[in-house]
Amino acid sequence: MKPTESSIFSRNTQFQPTVCVIAGDDAAPEVVHPTVEVLRSLAPAIHFAEALSGREAQARYGEMFPAVTKAAIDAADCTLFGASGGPSRPILWYLRWGKETFVNIRPERWYPGYSSPMLHPERIDYVIVRDNLEGTYPPREGDISELSSLASSTSWWQSPPVGKQGAYAVRVSTDEQLQRIAVAACQLALQRQSAGYLGRVTLGAKYSILPRTDGRFRSIVAETVRTYPTLSYQEFLIDDLARRMIALPETLDVVVLSNEHGDILADAASGSIGGLGLSPSACYGASYAYFEPVHGSAPDIAGKGIINPTATLLTGAMMLTYLGYIREGQRLELAVAAVYREGVVLPHDQGGRASTNEFVQAVKQRL
Ligand code: NAD
Ligand code: IPM
Ligand code: MN
């Protein structure tokens with residue numbers, strides 16, 4: 001696939017789309033609103049429709065996830081979401097399971113000027129492909145007493161928890177979901193390969209201990225990659241992969257992970273490039289996509305005007321690409337990179353003194 005061809009990540013034709021904007025909780029609106037201003041200036045044809053969520057929606061409509069917000073998500077071509085600090089979580093669930101956005105793409109790339117704790121951060125430039133729908137999500141938990149008949153009739157446990165108090169969680173992996181994640185990873189690896197990357201898909205999972213679930217994930221991904229002759233495949237147990245992310249990041253290109261492993265390792269990868277303020281993310285389905293940074297609602301810095309907007313700006317660049325505004329997405333990414341390279345206007349988490357708005361103004365000037 002050439003980068004100009006349509007895929008779930010990008011349309012090849014520009015149109016006049018509507019983007020539903022849901023600012024989210026705590027500090028998230030402080031990065032979403034200026035990002036929308038930047039996107040407006042880059043692509044004036046895009047219509048942005050803001051919908052309320054969380055406490056604001058509760059105050060206005062009496063519910064955290066009112067029908068008008070659901071209708072706004074449905075009516076839009078995609079959604080830009082800040083982050084949920086709890087109150088807007090039902091919206092997040094709808095954006096994932098309601099809209100069947102099955103795969104979560106989390107690029108982890110160091111740019112000169114990012115304040116990384118690594119000695120050679122220039123080696124970090126890979127993408128995490130995360131299961132967005134299954135694994136231990138959505139939560140399916142219960143009391144172990146519900147399992148007692150199963151526990152006594154199978155060899156599931158070395159020592160069945162019969163008569164004991166406790167809880168369980170269920171993990172589900174369907175072949176359909178594993179297959180489409182594997183295909184998405186391969187499509188992304190092909191796209192990256194044509195831009196000079198390794199064309200290498202790496203699976204990380206605990207297939208040694210979980211042969212039925214992670215083992216199935218492993219064989220489906222391995223078999224799928226084999227059908228793409230130009231791509232290569234490698235696999236590591238998830239604990240070893242975590243080490244490789246730190247010790248050998250240059251050996252990684254497209255990294256396929258389960259829902260919970262992807263959640264955890266994306267934050268770790270983000271830490272390796274310089275922090276959560278820097279990592280964008282996008283969730284794609286067959287007919288819908290939504291865009292949110294890796295980070296959460298950063299309640300500890302809400303209202304201070306210092307939250308780093310980089311992650312949300314780069315998330316916005318991914319959204320522009322999805323909507324067919326490929327050149328505009330590149331311009332935004334280059335402008336962000338230029339501000340870091342110059343190293344004069346830097347956000348607080350990157351060792352600078354710039355406010356959120358000062359940083360956004362610097363990016364705007366370099367567009
Ligand atoms: P968090 O990502 O919000 O914050 C972790 C740390 O990173 C905090 O010190 C925070 O100040 C800092 N940080 C995060 N983003 C930053 C940015 N852009 N600039 C500068 N510093 C930044 O994670 P948390 O504190 O574990 O969770 C807070 C809330 O966010 C929880 O309710 C959690 O469930 C939620 N959350 C939501 C999403 C989402 O909606 N997709 C993602 C992660 C966490
Ligand atoms: C993320 C977040 C979410 C997740 C939470 C808020 C449910 O941590 O998007 O990374 O675990 O997927
Ligand atoms: Mn997370």
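These legends accompany close-up views of a predicted model.

**View 1. The domains of the chain.** According to the domain assignment, the chain holds domain 1, made of residues 10-114 together with 275-367, then domain 2, made of residues 116-127 together with 172-273, and finally domain 3, made of residues 137-170. When the centres are taken over C-alpha atoms, domain 1 and domain 2 lie 24 Å apart.

**View 2. The surface that domain 1 and domain 2 share.** In this part of the predicted model, 15 residues of domain 1 are in contact with 21 residues of domain 2. About 1,600 Å² is buried between domain 1 and domain 2, and 57% of that area is on carbon and sulfur atoms. On the domain 1 side, Phe102, Glu108 and Trp110 supply 43% of the area that this domain buries against domain 2, which is more than any other three residues supply.

**View 3. Charged and polar pairs between domain 1 and domain 2.** Two salt bridges are counted between domain 1 and domain 2, and eight residue pairs there are in polar contact, with both residues at pLDDT 80 or more. The residues on the side of domain 1 that touches domain 2 divide into nine nonpolar, two polar and four charged. A salt bridge joins Arg180 and Glu100, whose closest N and O atoms are 2.9 Å apart.

View 4. Cys20 is buried, with a relative accessible area of 1%.

**View 5. Cys186, a cysteine in no disulfide.** For Cys186, which is in no disulfide, the nearest cysteine sulfur belongs to Cys283 and is 19 Å away. Cys186 is buried, with a relative accessible area of 0%. The count of disulfides in the model comes to zero.

Definitions and conventions: Residues numbered from 1 in each chain as written. Chains lettered and ligands numbered in written order. Predicted model: local features only at pLDDT ≥ 70, side-chain atom pairs only at ≥ 80, totals over all residues. Heavy atoms only, no water. Disulfide = S-S within 2.5 Å. Buried < 20%, exposed > 50% of the residue type's maximum accessible area, 1.4 Å probe, protein only. Domains from an automatic or database assignment. Contact = heavy atoms within 4.5 Å. Buried area = accessible area lost by both parts, 1.4 Å probe. Salt bridge = Lys/Arg side-chain N within 4 Å of Asp/Glu carboxyl O. Polar contact = N/O pair within 3.5 Å; in protein donor to acceptor, adjacent residues only side chain to side chain. Nonpolar A, V, L, I, M, F, W, Y, C, P; charged D, E, K, R; others polar.
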